[in-house]
Amino acid sequence: MLKSLVEAFKVPELRNKILFTLAILALYRLGSFIPVPGIPFASFAQAYEQAGGAAMTMIDVFSGGALSHFSVFALGIMPYITASIIMQLMQGVVPAVGRWAKEGEPGRKKITQTTRWLTLALGLLNAVGYLLLFQSARYGVVFSDQVPYALTSILIVFTLVAGTAFIMWMGELITQRGIGNGMSLIIFTSIVSRVPSAIFSSGTSQDDAGMGLAITLLILVVVAICIPAIIFMERAQRRIPVSYAKRVQGRKMMGGQSTYIPLKVNAAGVIPIIFASCLIYFPAQIAALFNVDWLEVFANAISSGWLNWIMTFGLIIFFAYFYTSMVFNPEELSDNLRKQGGFIPGIRPGSATVTYIKNVIRHVTLPGAMFIGAVAVVPSILFVFTNNQLIQTFGGTSILIMIGVALDTMSKIESQLKMYNYDGFFK
């Protein structure tokens with residue numbers, strides 16, 4: 001691992017991409033501590049600590065603590081992720097959006113542009129919602145009367161929306177000029193930034209310092225044991241054998257080789273977890289917008305407890321199948337095999353091949369989805385019995401996202417290392 005990192009920095013192009021990515025992520029973390037103008041920070045911090053519920057806690061985790069500081073990046077990446085979910089779902093519902101997805105690069109540009117505008121619209125709604133929520137009786141934040149109320153409100157909303165647009169821009173910059181998926185790396189950075197404080201809180205939460213330290217070490221050991229199992233599941237594949245018939249092309253004999261189609265057990269990666277988390281905590285954002293008591297009660301109910309466990313598990317399985325169906329097109333795959341003279345041994349080309357591939361994808365996706373669903377839910381159940389903040393912050397969802405993003409980024413670095421005849425990370 002260390003040798004591969006050293007080799008990565010020996011390649012000027014790759015070194016520049018890594019340093020560029022780290023610089024953008026550092027800028028993102030810096031923005032998480034820059035306060036929004038017009039907010040009375042002392043009274044806000046006290047009110048947030050006293051009134052914050054389970055839903056707000058999890059939203060704060062995904063914002064990297066920016067919400068609890070009410071910084072310029074307080075909205076985090078959630079508006080963009082929510083907009084992406086909406087656009088993904090619209091591809092199967094709205095014919096025009098579905099056609100964009102099939103048009104190649106021009107269609108992807110249309111989807112990207114629509115996602116950007118939708119992100120800004122959702123950011124505006126969230127900004128207004130947080131402004132109203134924090135001035136409600138629950139938080140009771142009062143602005144200074146030295147500046148007109150309307151001007152202060154406009155300044156706060158504009159700053160929050162601008163922060164969301166800036167995060168979106170930074171994520172796209174990383175994707176285009178850096179290493180890995182920018183949005184995923186921003187979420188990764190937000191979660192990792194909360195781990196040190198969670199470890200400290202876990203170690204000092206018990207009256208007995210020795211007991212607190214022992215519980216914290218036990219949690220970290222369990223996490224260390226689970227990481228190899230998660231990596232194994234992330235890289236597990238079901239390989240469908242493919243053979244190519246021999247044919248004569250000019251004076252050369254072509255074909256006759258055997259290969260395989262690799263189908264990952266968890267083809268969707270961390271997408272199902274991110275999408276499921278965003279949907280579950282979306283009611284909390286709506287509750288903040290409208291400041292309705294029953295909606296806030298509902299948001300807190302689905303943010304923790306048995307209802308949260310069932311919804312998280314079910315949504316992860318749903319999005320695993322949904323995203324896998326978008327990544328793999330059995331009809332197109334079967335047609336490409338036929339055109340190239342390939343076939344699956346024992347399976348007739350055409351509709352039989354399509355049916356076979358669909359069955360394999362369906363059977364492979366289920367255990368992978370159930371595994372990541374269980375890893376995401378079990379720590380939440382343990383948190384109810386232990387009330388340990390480390391389990392809540394460094395729980396299954398966070399671990400899966402961190403490992404998934406780390407593996408994806410390492411794969412991107414490895415592919416570029418091999419272009420320069422270096423060994424990669426994975427042996």
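1. Let me start with a pair in helix α2 (residues 12–31): Lys-17 and Glu-13 both sit there, four residues apart, about one turn of the helix. Helices here are DSSP runs of H or I with at least four residues, numbered from the N terminus, while strands are E runs of at least two. Lys-17 makes a salt bridge with Glu-13, with 3.9 Å between the closest N and O atoms. The term means a side-chain nitrogen of Lys or Arg within 4 Å of a carboxyl oxygen of Asp or Glu. Glu-13 has a relative accessible area of 41%, so it is partly exposed; buried is under 20%, exposed is over 50%, and partly exposed falls in between, with a 1.4 Å probe and protein chains only.

2. A word on the source: this is a predicted model, in which local features need pLDDT of at least 70, side-chain atom pairs count only at pLDDT 80 or more, and totals for chains, interfaces and linings use all residues. Residues are numbered from 1 along each chain as its sequence is written, and side-chain values use heavy atoms, leaving out hydrogens and water.

3. How many salt bridges does the structure hold? There are five. One of them joins the side chains of Lys-358 and Glu-331, at 3.1 Å from N to O. This pair links distant parts of the chain, 27 residues apart: Lys-358 belongs to helix α16 (residues 351–386) and Glu-331 to helix α15 (residues 330–339). Lys-358 is partly exposed because its relative accessibility is 38%, and Glu-331 counts as partly exposed at 39%.

4. Lys-412 and Asp-408 also meet through their side chains in a salt bridge, 3.5 Å from N to O. They are separated by about one helical turn because they lie four residues apart in helix α18 (residues 396–419). Lys-412 is partly exposed at 35% relative accessible area, and Asp-408 is partly exposed at 32%.

5. Back in helix α2 we find Leu-27, partly exposed with a relative accessible area of 34%.

6. Finally, Leu-217 lies in helix α11 (residues 209–235) and is partly exposed, at 48% relative accessibility. Its C-alpha atom is 9.3 Å from that of Ile-199, 18 residues apart along the chain.
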